[in-house]
Amino acid sequence: MRWISLLLLFFASLITYADKVVIGFAAGPLMSEFSLNASQWGMVGSSFFIFFIVTSLIGGTWSDRFGTTQMIFLVLIGVSLIQFGAFAITGLTMLILYRVLLGAVEGPMVPAGLNHISKIFPAERRGFAVSVYIAGSSVGGIISAPILVSLIEKYGWRWTFVLLGFVSLVLFSVWAMLNRKDKSRQAVAEPVTRKLKWSDIAPVLRHPACFLTISLSASASWVVTWQALWAPIYLTKVINLEPMKMAYTIMGTGIVTIVLVFLISSLSDRIYKKTQSYRKARVWSAGISTIIGGLALAAIPLGGDSIVWIFTTLSLAKGATYTNVSMAVQIMIKLMPQRAGFMSSILSLGNNIGQLVAPIASGIFVQAAGTDLALGFHQSIYAMAGLFLVVAVLFLLFVKPDQVKETNSTETVAM
């Protein structure tokens with residue numbers, strides 16, 4: 001049943017990603033209808049992560065105690081309810097409230113899903129399994145870009161939001177029926193009764209492997225947020241692509257990203273199976289990918305209006321960011337294997353802080369450039385690239401998870 005669980009997680013990732021990024025595709029109509037400037041739009045983007053940060057930490061940790069499936073069900077139901085309230089959005093305040101609530105209910109999804117995978121897949125297969133889960137986001141981008149743009153143009157952004165809520169409700173219903181039929185699945189979410197103690201947590205949090213892994217993943221979150229929130233505006237306003245061409249460009253980068261993540265994750269699994277070394281299999285994969293992604297980011301402005309150049313560099317940068325997520329979560333779980341939900345939550349906390357700050361930072365760069373949108377966007381791109389490269393070098397130098405003494409018993413896998 002592990003592969004059915006992984007397939008359901010894939011669709012959950014796809015749907016929640018579409019729920020998250022639909023705001024970017026609706027940027028034009030929303031900014032026009034509510035007369036929003038770049039700074040206000042940055043606030044809209046960041047508002048998603050205000051409570052998302054808290055609920056991802058709490059929800060992911062609780063998934064260790066109360067079950068991963070239950071937490072995922074709560075997310076899917078909550079997303080449906082929030083999206084059904086789209087017609088209540090009548091101005092900037094309600095738009096921000098909508099994003100705050102959506103972020104709050106989506107918070108536990110990533111750590112609970114990663115925890116779910118850690119319980120049903122052995123370490124030598126997790127790279128591929130996590131990449132499938134992550135691919136749900138990329139496929140969500142591939143499928144959602146042209147579909148959502150088309151729906152928004154034809155029916156408006158409100159009806160598009162409502163439709164996404166209906167899709168979430170359908171997935172919940174299907175998953176709940178399958179879960180009821182498979183009583184053995186309860187083993188996947190077996191609760192952990194012993195509470196965490198600070199004496200267990202502190203040595204792990206202080207270790208460079210923990211801090212730098214979180215930093216690497218958080219820096220990638222800026223790129224993820226920029227691609228979701230600002231890339232549609234960049235492609236339409238600076239590169240002057242029509243909305244549907246923009247959507248197909250983003251769709252194409254998603255396809256390349258999936259291929260890259262699968263290839264790198266599968267290679268990482270093979271290296272781990274052969275060497276049993278997290279540094280060789282996970283750290284080097286993430287670090288080298290990040291350096292390539294950072295260089296690709298820095299090269300985006302060098303291609304001018306060439307769509308081929310922008311497509312290539314964006315694809316490499318996007319591939320690097322999702323590879324980071326796949327590798328980082330495995331490193332974090334290695335540090336405390338019996339608390340996979342908690343460690344996934346700590347990683348998500350770093351990512352969420354990055355995603356909270358990133359839209360505002362990008363908005364400041366764009367706003368500071370005044371009427372020169374290209375300059376503002378390029379400054380934000382160079383800032384992301386610089387952060388990527390600095391963190392990647394430190395990560396490669398100092399992250400050695402194989403030398404960390406595990407604070408829990410040996411990993412177990414539910415079959």
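**Helix α7.** I am working with a predicted model. I checked the length of α7, residues 109-120, first. At 1.5 Å a residue, its 12 residues should span 16 Å; I find the end C-alpha atoms 17 Å apart, which agrees. I then looked at burial. In α7, 11 of the 12 residues are buried. Among them are Met109, Pro111, Leu114, His116 and Lys119.

**Largest pocket.** I get a volume of about 470 Å³. The lining counts 22 residues, and Ala27, Gly28, Ile233, Thr236 and Lys237 come closest to the centre. Helix α11 (208-238) gives the most, five residues. By class I note 14 nonpolar, six polar and two charged residues.

**Cavities.** How many cavities of 30 Å³ or more are there? I count five.

The largest cavity holds about 480 Å³. Of its 24 lining residues, Lys20, Val110, Ser137, Val325 and Gln355 are the closest to the centre. Helix α7 returns here: it supplies at least two lining residues, as do α1, α8, α11, α14 and α15. The largest share, five residues, is from α15. I class this lining as 12 nonpolar, 10 polar and two charged.

The second largest cavity has about 150 Å³. It is lined by 15 residues, with Gln227, Ala228, Ala231, Ile250 and Lys318 closest to the centre. Here α11 provides the largest share, five residues. I note nine nonpolar, five polar and one charged.

Definitions and conventions:
Residues numbered from 1 in each chain as written. Predicted model: local features only at pLDDT ≥ 70, side-chain atom pairs only at ≥ 80, totals over all residues. Heavy atoms only, no water. Helix = DSSP H or I, 4+ residues; strand = E, 2+ residues; numbered from the N terminus. Expected span 1.5 Å × (residues − 1). Buried < 20%, exposed > 50% of the residue type's maximum accessible area, 1.4 Å probe, protein only. 1 Å grid on protein atoms, 1.4 Å probe; cavity = no way out; pocket = protein on both sides within 12 Å on 5 of 7 lines; lining within 4 Å. Points joined across faces, edges and corners; volume = space filled by probe spheres on them. Nonpolar A, V, L, I, M, F, W, Y, C, P; charged D, E, K, R; others polar.
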